[in-house]
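I opened my notebook for this one with a simple plan: look up the strands first, then a helix pair. Here is what I wrote down as I went.

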Amino acid sequence: MKHTFLATLDRELKKGSAELLALSLVEHRARHGYEIGKLIEQRSLGRVRFKAASLYPLLYRLEERGWIQGRWTERAGERRRHFYRITAAGRTVLRAQRSTWEGFVSAIRRITELEHA
Amino acid sequence: MPEWKTELKQRLADLDLPASREAEIVEELSQHLDDRYAELRRAGADEGEARRAALDELAESHRMRMELARLRRSRRAAVPVAGEPTRGRFGVRLWQDVRVGARTLLRRPGFTLAATLALGLGIGATSAIFAAVDAVLLRPMPFPHADRLYVPVSVNQARHIDSASVTFADVQDWRGATETFAAVALLRPLELDLAEGGDPERVHVSQVSEDFFRVLDITPAAGRTFVAEDHDPKSTLVGLITDGLWRRRFGGTDVIGRTIHLAEMPVQIVGVLPPRVVWPESTEVVLPMRSALFGEDVRTRRDNMIFGAIARLKDGVSAQAADAAVAAMAARLAQAEPVIRKGWTNALVPIRDDLVDRDLRVALLVLLGAVAAVLLIACANVANLALVRASGRAREFALRLSLGASRARLIQQLVAESVLLTAAGALVGAALAVPAMRALVAMAPEGTPFLDAVHLNPRMLLATAAAGAIAVLISGLLPALSTSVVQLGDALRDGTGGSGVSRRSARLRGLLVIGEVGATVVLLTMAALLIRSFGRLVRVDPGVSIDRVISGRLSIPSARYQDDAARSRFVRAIADRLEALPEIEAAALTSFVPVGGGGFGLGRVFLAEGRPEPPAGPDIGAQWNVVTPEYFRTLGIPLREGRVFTSRDTAASPPVIIVSQSFAKRMFPGQTAVGQRIRSWRDENLYREIVGVVDDVKYTGLSEQEIPLVYVPHTQNSWGAMLVVARARHGDPAALAPVLQRTIAELDPGLAVAQIRTLRESADRSIASQRYAMLLLSVLAAAALGLAALGIYGVTSYVFALRRRELGIRLALGATRANLYGLVLRHGLRLTAAGLAIGAAGSVVATRLVQDLLFDTAATDVASWAAMVATLGAAALAACLLPARRAASAAPTGALRAE
């Protein structure tokens, strides 16, 4: 029971933060899907990992909303890859999500710290 | 590396994704799996483990499929251009653009309707007029290599004669000039009564020389052309008839070998010409010329200009070279025969120019220009409308740009909308063009060649498409360019007050309106000049009283009225019989009817008694008119001096003549003409005593100058080709037509009366091309004015809608409503004035084109220009009033709140 609850929380947190994570990773440079997935895994120290089956639908959804834009790009000596870059609208959304997330996290922290005090 | 694509395709197969999209996803995912696989292998997994682990990435792929399916559905519903990367094939994108364009247009029915109508009007009018120009000016002639065909004419600049007939001897010289001409043919036009196939009818006959069919390269539709022996006076007289006469009089039956009678001469038909393939156009019967019958003077005299001619240039000889050769021959003749050929030269007229009246050509070209101007104005208006919409859509465009749509993509989308709009406009235009063409044909002056050929044709459709393309360029690209430079920040901000696109588009719109007004000014000026000229034309005094007079032609056959006395008696009988009728006030016969009513004035030159013959002294030219005594009374030509002819002027009495005032003044300046004696020294050479002087009369048409005339009594010069004129006692003279026919048939059942029409009709007909040009140009100018006023209204309302806040502040600071009115009116009138300045400059050039169509009116006519300015000013003022009222009634608080 406890295990199920944690799994659900984990999944919901992942789902809720997925957009924020993907947008953050393309904020400063264009990246392809595998790189985005890998970076999420590495920077979360393996705590968060998206499989291709959920990563790509996420990217397509963001693209469809016009927050990121994908483009096939060829680099010297490499095969062509699909790179995603953030759009102006995406930046606006990222700013909003980031502050919402930070507000949420600090609120949680304040609540949970009180519990521990 | 394992192959993933087959696996991936299977998993995505039932999603029904677009093929290109599916291929992209498959490629992207298989790259992902490649990377994962490589990573696992680097970490030490064997091939089988790595492959399984990589495929685990696709675990829960039912969720991926759901997600993708959802995306696919939402993608179909979304507006495709919104930020979507440009990855689809061009055709797919185009189809999307068209669909989105159609939806967008349908969402704004007001805009779409206005724009479609404006474009439709422009395109329709252009196409209709182009069809007429195409038929009359551009259509290929019905003769092979018609560009080599020229009509030689005699020209005398000093006497303002630019296309007189030529002499028999001149044509023989040109025939000899084989280095210039391939062949030259002679022809003599006649009008003869045809007996067969119904009531007697006057038909146009051309007597042609041996080379005629070779020059024009005509092959008959049936039968044969002439052979050498047909020109021999001893052989049976044969002839060809045209397709028109064949169908009209003989019902298209077999006529080859049949004998008909022309002026009671038997003629055997040997051929029928194909439709329209004949020159001159009016020809209905072609007979062989039998020059052996011509007298010595006809064949050798160099001043006997009674023949028509048609020449085919030798291949490789340019028109200029041929013209120069003919002029050089004429110059040699003028030196050799100074008395009769001084001042004369010859020129070659292209056959098309000979067929199409110069005034008509000018009128059509002016109309084409005018209609193109209307099209441009319509396009400018559509561009204006589109700009209003575009600035209203600035936020939409900015959002699309911010969502990743490229600028090129936006422009493409807008161009697609314009293409749709133009296509709709072109459809409306084509629908309008058909009735417009019918109206053009119905209103055209009678005798306009090729009018039967005015119809929808590929060239016209091409012209419509070209017009549409211009419309697209103007109405699509300008707003697209001006819109896509929108700054994102501007558009995402609320309100339009500080928006860059609004200011820029206001400027662009101002420029468009100035252009519209400019083009309108040119049209208005031309229309004003033509209206004024036409007003003068209809009020012009022709020198005769034309109401209640009817005329008709007859030719008295010399076969039955062989001598002068017989012809005189017959003419006298006609006049007497008509005068005796109660419905007729007066009747007479004449060889030349005023205001273009027909017949012809024989040009002759005169010397007064005692004056030396040229070159020792000058002779005076005048046209010769043979009349019966009641002629002057019938037409109401006032007698200035002396007397008119009476029944006592007979063949046996002293020869008499009546002259027009202008002739009397030129022949006897400062003296009285009555009692003097003059002779037509080069032909009749008989002294005639001037017994009267009458007023000048406009003979050839209302727009023509009075020409010096002399009148001689029919009893002393009994011509056979006469016209009967009769004045009704009251009412419409047209009712006299059957009376004329009946009366003449009673006197001679074999005689036809042709071309029966009232003098009023003839007068109207003589100014038909001017009326045509005036009417059409006025309609076009009115359309242009309406469109320009719409433009002024649009831009003024728009500018002051943008400046609502400023107006509110002004009001709040104490400006009166009159101040605000002034503000708006000044703005609108400033635009108008700028357009006026540009248009006036254009008009100075453009009105030179219509100068030839103007009667007694200078292109700089002050009243016309004033009328133009007044009309434009009134329209502009009216166009500004509504926006001004709206601006002045804006409550300060409301205006400020709107911000």
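I began with strand pairing in chain A of this predicted model. Strands β2(A) and β3(A), the latter covering residues 81-86, run antiparallel to each other and are joined over six bridges. I looked up one bridge by name: A:Gln69 has A:Arg85 in β3(A) as its partner.

Next I asked in which order the strands of the sheet lie. I found an open sheet of three strands, ordered β1-β3-β2 in chain A, with antiparallel pairing. β1 (31-32) and β2 (68-73) of chain A each have a single partner strand and stand at the edges, so each has one side without a neighbour in the sheet.

Then I stepped back to chain A as a whole. I noted four helices and three strands, which follow the pattern α-β-α-α-β-β-α along the sequence. Chain A has 117 residues, and 29% of them count as buried. I also checked its contacts with a separation of 6 or more: 47% of them link residues 24 or more positions apart.

My last entry is on chain B. Helix α25 (residues 768-802) packs against helix α28 (residues 862-888) at about 30 degrees, and their axes are 9 Å apart. Since angles under 35 degrees count as roughly parallel, that angle makes α25(B) roughly parallel to α28(B). I recorded the crossing of the two as right-handed.

Which residues meet there? On α25(B) I listed, among them, B:Leu785, B:Ile792, B:Tyr793 and B:Phe800, and on α28(B) the list includes B:Ala875, B:Cys880, B:Leu882 and B:Pro883. I sorted the residues of this contact of α25(B) with α28(B) into 13 nonpolar, three polar and no charged.

Definitions and conventions:
Residues numbered from 1 in each chain as written. Chains lettered and ligands numbered in written order. Predicted model: local features only at pLDDT ≥ 70, side-chain atom pairs only at ≥ 80, totals over all residues. Axes fitted to C-alpha atoms, helices over the stretch in contact; angles between N-to-C directions. Parallel < 35°, antiparallel > 145°, perpendicular 65-115°, else oblique. Left-handed = near helix turned anticlockwise from the far one by under 90°. Contact = placed C-beta atoms within 7 Å. Nonpolar A, V, L, I, M, F, W, Y, C, P; charged D, E, K, R; others polar. Buried ≥ 20, exposed ≤ 12 C-beta atoms within 10 Å, placed from the backbone. Pairing = 2+ DSSP bridges.
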